[in-house]
Amino acid sequence: VNRFEYVVPKSLEEAVGLLGPDARPIGGGTDLTEMMKDALVEPARVVSLKRIAGLEYIKEDGDALRIGATTTLREIAESETVNKRYTALAQAARAVASPQIRNTATLAGNLCQRPRCWYFRQPIATRCYKRGGDYCYAVFGDSSIHATFDVAACFAVHPSDTAIALSALGADIVVAGPKGQRVVPVTEFFTGPEVDIMRENILAPNELVAEVRVPASVAGQPSVFLKAAPRRSIDFARASVATLAEGSQVLQRVTISLGGVALTPHRALKAEEFLRGKRLQPETIAQAANLSVDGALPLARNSYKVLLARGLVRQALSRLAA
Ligand SMILES: Cc1cc2nc3c(=O)[nH]c(=O)nc-3n(C[C@H](O)[C@H](O)[C@H](O)COP(=O)(O)OP(=O)(O)OC[C@H]3O[C@@H](n4cnc5c(N)ncnc54)[C@H](O)[C@@H]3O)c2cc1C
Ligand code: SF4
């Protein structure tokens with residue numbers, strides 16, 4: 001690991017002031033420390049967020065469920081409010097890694113963790129685009145964990161389970177920077193290689209995630225998160241789905257967000273549109289599941305993900321119908 005300065009600010013403003021191109025914020029450290037050990041990132045300064053008072057909370061007000069940046073995944077998974085009223089988010093938090101990691105990992109860190117493409121993560125230097133090179137190894141290499149949707153130059157998939165649930169629940173991310181705070185819909189927070197191949201979200205080097213807000217309008221609406229991974233615990237999603245249904249009997253709105261298949265949470269917009277005004281019946285569910293994988297462009301070794309995603313959508317919608 002490179003030599004670095006470790007700073008422990010007491011307030012959000014102080015933390016923002018300590019950030020910059022050579023600094024990185026750290027929450028639970030379960031991803032950043034791995035990246036540093038493998039010299040994938042070599043910050044001159046690491047800014048700890050864990051001692052900032054008032055950044056770890058889960059609370060509901062009239063407008064939203066508010067979750068502070070340093071709230072751990074365990075707290076979210078165990079929260080009665082989240083389980084009862086924002087079910088998909090609690091299920092997604094529970095699906096992350098292992099109890100040890102969930103004890104430490106923070107919500108903001110989970111959202112901002114870097115991709116797990118095995119070529120990108122190799123400790124030896126590669127010429128991969130995401131490491132500043134000019135090549136994508138997944139194109140002719142082992143693409144079995146890579147993207148099947150929205151592909152452009154980089155085929156890595158978004159690793160966070162909670163991001164998929166938050167995308168389906170229509171959450172907002174509160175970003176803190178030198179000019180104060182701004183609120184960004186989760187659908188605009190995550191970005192693909194067409195914006196900047198070196199990063200996966202809109203954060204500038206001197207900004208950080210301060211809070212996540214889930215709109216109160218979805219509280220209590222049925223939602224579900226499902227994930228398929230080779231191992232039942234401690235494994236990233238090969239495919240996942242989060243879905244939310246609004247409306248009793250006839251659907252006013254359905255959201256379907258797919259994980260493990262694109263560099264950002266992938267909304268199955270055609271399937272969402274198709275379901276509006278319909279009832280969740282077996283034939284409708286089957287058609288929506290087919291539409292949810294419309295436009296997939298698998299690589300040589302990952303076409304199984306299309307079938308997996310379609311099956312998960314079918315299963316998730318069937319659960320909402322039950
Ligand atoms: C064995 C293993 C299995 C795993 N399986 C899964 C899985 O199934 N699903 C899943 O979702 N994840 C999985 N993970 C990833 C794990 O969940 C993340 O490492 C963790 O959630 C990151 O949270 P953290 O607080 O430790 O982040 P950190 O390591 O502290 O930070 C991660 C990144 O986010 C940045 N960051 C931290 N806080 C902020 C902030 N407030 N604003 C802006 N940027 C910030 C850091 O600079 C860093 O780049 C797994 C990890 C391991 C090691
Ligand atoms: S998929 Fe992305 S991260 Fe992986 S090798 Fe290709 S460019 Fe690099």
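Color by accessibility to begin: 52% of the 322 residues of the chain count as buried, meaning under 20% relative accessible area with a 1.4 Å probe and protein chains only, while exposed is over 50% and partly exposed lies in between. Bear in mind that this is a predicted model, where local features need pLDDT of at least 70, side-chain atom pairs count only at pLDDT 80 or more, and totals for chains, interfaces and linings use all residues. Residues are numbered from 1 along each chain as its sequence is written, chains are lettered from A and ligands numbered from 1 in the order written, and side-chain values use heavy atoms, with hydrogens and water left out.

Now for the salt bridges: the whole structure has 21, each a side-chain nitrogen of Lys or Arg within 4 Å of a carboxyl oxygen of Asp or Glu.

Select Glu211 and Arg66 next. Their side chains meet in a salt bridge at 3.3 Å, N to O. Glu211 sits in strand S8 and Arg66 in strand S5, 145 residues apart. Are they buried or exposed? Glu211 is buried at 8%, and Arg66 is buried at 16%.

Move on to helix H3 (residues 73-78), where Arg74 and Glu78 are about one helical turn apart. Their closest N and O atoms are 3.2 Å apart in a salt bridge. Arg74 is partly exposed at 34%, whereas Glu78 counts as exposed at 55%.

Then pick Glu200 and Arg114, a salt bridge at 2.7 Å, N to O. Both lie in loops, so the pair ties together parts 86 residues apart in sequence. Glu200 is buried, at 7%.

Last stop: select Asp31, Glu34, Arg116 and Arg121, which salt bridges with shared partners join into one network.

Methods: Helix = DSSP H or I, 4+ residues; strand = E, 2+ residues; numbered from the N terminus.
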